[in-house]
Amino acid sequence: RGENRPAIMISSCRSCNAVAKAFKPWAASCFPAARTITGRAGRVVHLPGCMCPVCISGASPGKRISERDLSVAATPSPENRGVVFMGPNEVEVKPIGFPKLELDSTNSPVVSERQKRKCQHGAIMKVVTTNICGSDQHMVRGRTSLPGGYMVLGHEITGEVIDTGSDVEFIKKGDLCSVPFNIACGRCPACKRGDTGVCLFVNPARAGAAYGYVDMGGWVGGQAEYVMVPYADFNLLKFPDKDQAMEKIADLTLLSDIFPTGFHGAVTAGVGPGSMVYVAGAGPVGLACAASCNLLGAACVIVGDMIPERLEQARSFGCETIDVRAEGTLEDKIHAITGSPTVDAAVDCVGFEARAAAASGGEQPAQVLNDCMGIVREGGQIGIPGLYVTEDPGAVDDAAKFGNLSMRMGLGWSKSASMHTGQCPVMKYHRPLMQAILYDKVQIAKAVNATVISLDDAAKGYKDFDKGAAAKFVLDPHGMTGLAQAI
C-alpha cells in the first residue's frame, strides 16, 4: 500500500496468544504456514490461507468473511437477519439463528465470555427499532480486544414480545417494551443496590453484561429482526399504551441507552437548576446529555466538538457551542461565553478515542479528561459516560493499549474535583425519562436528530456515522415505524 516496509512479516500476535492462554510470541519457525502482514499501528492482519492456531480453530480475523462463524446457538435461519461485525470497518447484514430461550456463546473466540445457560426467565422479541451506537463504532473500528468475524451487534433495542419462558410472570405477548442495554439478573447484590450496570451473575469474565459487545458475556446483539432478552420481568420497561408509544417511537427508542446515559452523565456531574455546564462531544450521547442538562434546569449548556454540523445540531435546541479546533484555550473560549473560565459541571461524552484540540492534533486518549479537570471549578464535578476500555490494540502508545492514560490527576485533586465513571445503570432512569417523553417535557429525538433507516442500510449508517454525521441512526428491521428513509 505504498508504505516503506516489508510486504510480509511474521510477528507476535496478541489474539493468537489470548486464545492459547499464553503470552509468548509465536514465530514462523513454530508455525511455518502462518501468513500475516503488519499494518498501521503495528496491528497484525492474518491473510487468507493463514494456518496459525487461531485460523485453524476458526476464530481468526484472517478467515474470509464468508467462512466466519456467528456467536449464536442456532443454525443461521432465513427467519432472522442481523448486523454482524465481520472485521475492522466491515459490517454485513446476514442470516443468523432465530433466538431461543437459551444462551450458548461457547463458540466465541473471546474465551472469557464463553457460557451456556437456559433462559426460561427470558422473552423472544420482534425488534421494532434498534440503534447504532458510538460504542459499536469503537468495536467496528478495531479498537477493542475483538478481532471480528462472529458477533451480532447491537445493544439499543425496543421490541414487541412474541414469546416468553415458563418463569416469566408479568411480561406478556404483545407488550411493547424498551430493553436496557445492561443485562441484569435482578437477584445479585449489585442489582439489589440498583447497580444494574455491574450485575454479578450475567458475565463469567467480569461484572456487567450487554448485548452484542465484546467481553460482555457473549449475549447475542439486537441489531436484528428478532432477539432474546433474559430476565424479562426485571429488565423490560413496558410502555403503558402501545399506540401512543408507536407515535413517539423515535423518542422512546432512545431509552435503551443514550438518553439515560446522557442523563446519567449530567446527574453524576451534579447538574441542577442554575448550573453552568460544559459537555465534551456533540455526538448522540453528548447531545442527549445536553438535552438532559436542560431538563435538569441548567442555566447554560456549552457543547464542544470538532465537527461543525454536530455543533449546529447542538445550537438547534439552545446550547452554546465551542469549536475546539479554533485557536485559544478551552478556558478562554468558555470565558468568552460566560465571563468565567470555569464551569460548575463538566461531562466527558467522547471517551478514549479523543483527539488533541488543535486542528492538526492527533489522538490523545486523555485529552477530554484533562480538559474537564482544567475547566471545572474548585469543588466541581465531572461525569464520564464516555467509554474507556481495558484493551485498545489501536492505541497511540503501549500504555494506552491497556487503558493507562496520562491524566493530570494532580490538577483534579488540587481542585477537590470529583469524577464519576462507568456504565449508566439504565433502569435507574428509564421509567422517569419515559414519562418525560410521553408528557412532552423533552423532545430527545429532535435533539439528537434521530434518523430511521432500514436494516438493509445498516452498513451505510455505520459508514456515515463514522464520518461524523450529525444524526443518531435508528434501524427499523420490519418497517413497523413508517419512518424509515433512504441514506
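The dialogue below goes through some features of a predicted model and the reasoning behind the words used for them.

Trainee: What pLDDT does the chain average, and which stretches stay under 50?

Mentor: The chain averages a pLDDT of 86, and 83% of the residues score at least 70. Over residues 38-44 the pLDDT stays under 50, although the model has 15 contacts beyond four places in sequence for them. Residues 53-74 also have a pLDDT below 50, and this stretch has 52 contacts in the model beyond near neighbours in sequence.

Trainee: Why are helices H8 and H9 called oblique to each other?

Mentor: The axes of H8 (residues 258-268) and H9 (residues 284-295) come within 7 Å and cross at roughly 60°. Angles under 35 degrees count as roughly parallel, over 145 as roughly antiparallel and 65 to 115 as roughly perpendicular, and the rest count as oblique; H8 and H9 are therefore oblique to each other. Their crossing is right-handed.

Trainee: Which residues make the contact of H8 with H9, and how many of them are charged?

Mentor: From H8 the contact takes in Ile258, Phe259, Thr261, Gly262, Phe263 and Ala266, and from H9 it takes in Pro284, Val285, Ala288, Cys289, Ser292, Cys293 and Leu295. By class, the contact has 10 nonpolar, three polar and no charged residues.

Trainee: What makes helix H12 largely enclosed by the rest of the structure?

Mentor: Eight of the nine residues of H12 (residues 367-375) are buried, so this helix is largely enclosed. The buried residues are Gln367, Val368, Leu369, Asn370, Cys372, Met373, Gly374 and Ile375. What covers them includes strand S13 (276-280), helix H11 (330-338), strand S16 (343-348), strand S17 (376-384), helix H13 (409-414) and strand S18 (418-421).

Trainee: Is glutamine 137 buried or exposed, and how do you know?

Mentor: Glutamine 137, which has its place in helix H3 (residues 134-140), has a relative accessible area of 3%. Buried means under 20%, so glutamine 137 is buried. Leaving aside neighbours within four places in sequence, glutamine 137 is in contact with Tyr462, Phe465 and Asp466.

Trainee: Why does glycine 394 count as buried, and where in the chain is it found?

Mentor: Glycine 394 is found in the loop between S17 and H13. Its relative accessibility is 12%, and because the cut-off for buried is under 20%, glycine 394 counts as buried. The C-alpha atoms of glycine 394 and arginine 143 are separated by 5.5 Å, while the two residues are 251 residues apart along the chain.

Terms used
Residues are numbered from 1 along each chain as its sequence is written. This is a predicted model: local features need pLDDT of at least 70, side-chain atom pairs count only at pLDDT 80 or more; totals for chains, interfaces and linings use all residues. Side-chain values use heavy atoms; hydrogens and water are left out. Axes are lines fitted to C-alpha atoms, for helices over the stretch in contact, and angles run from 0 to 180 degrees between N-to-C directions. Helices (H or I, at least four residues) and strands (E, at least two) are DSSP runs, numbered from the N terminus. A crossing is left-handed if the near helix is turned anticlockwise from the far one by less than a right angle, and right-handed if clockwise. Contact means heavy atoms within 4.5 Å. Ala, Val, Leu, Ile, Met, Phe, Trp, Tyr, Cys and Pro count as nonpolar, Asp, Glu, Lys and Arg as charged, and the others, Gly among them, as polar. pLDDT is the predictor's confidence in each residue, from 0 to 100. Buried means under 20% relative accessible area, exposed over 50%, partly exposed in between (1.4 Å probe, protein chains only).
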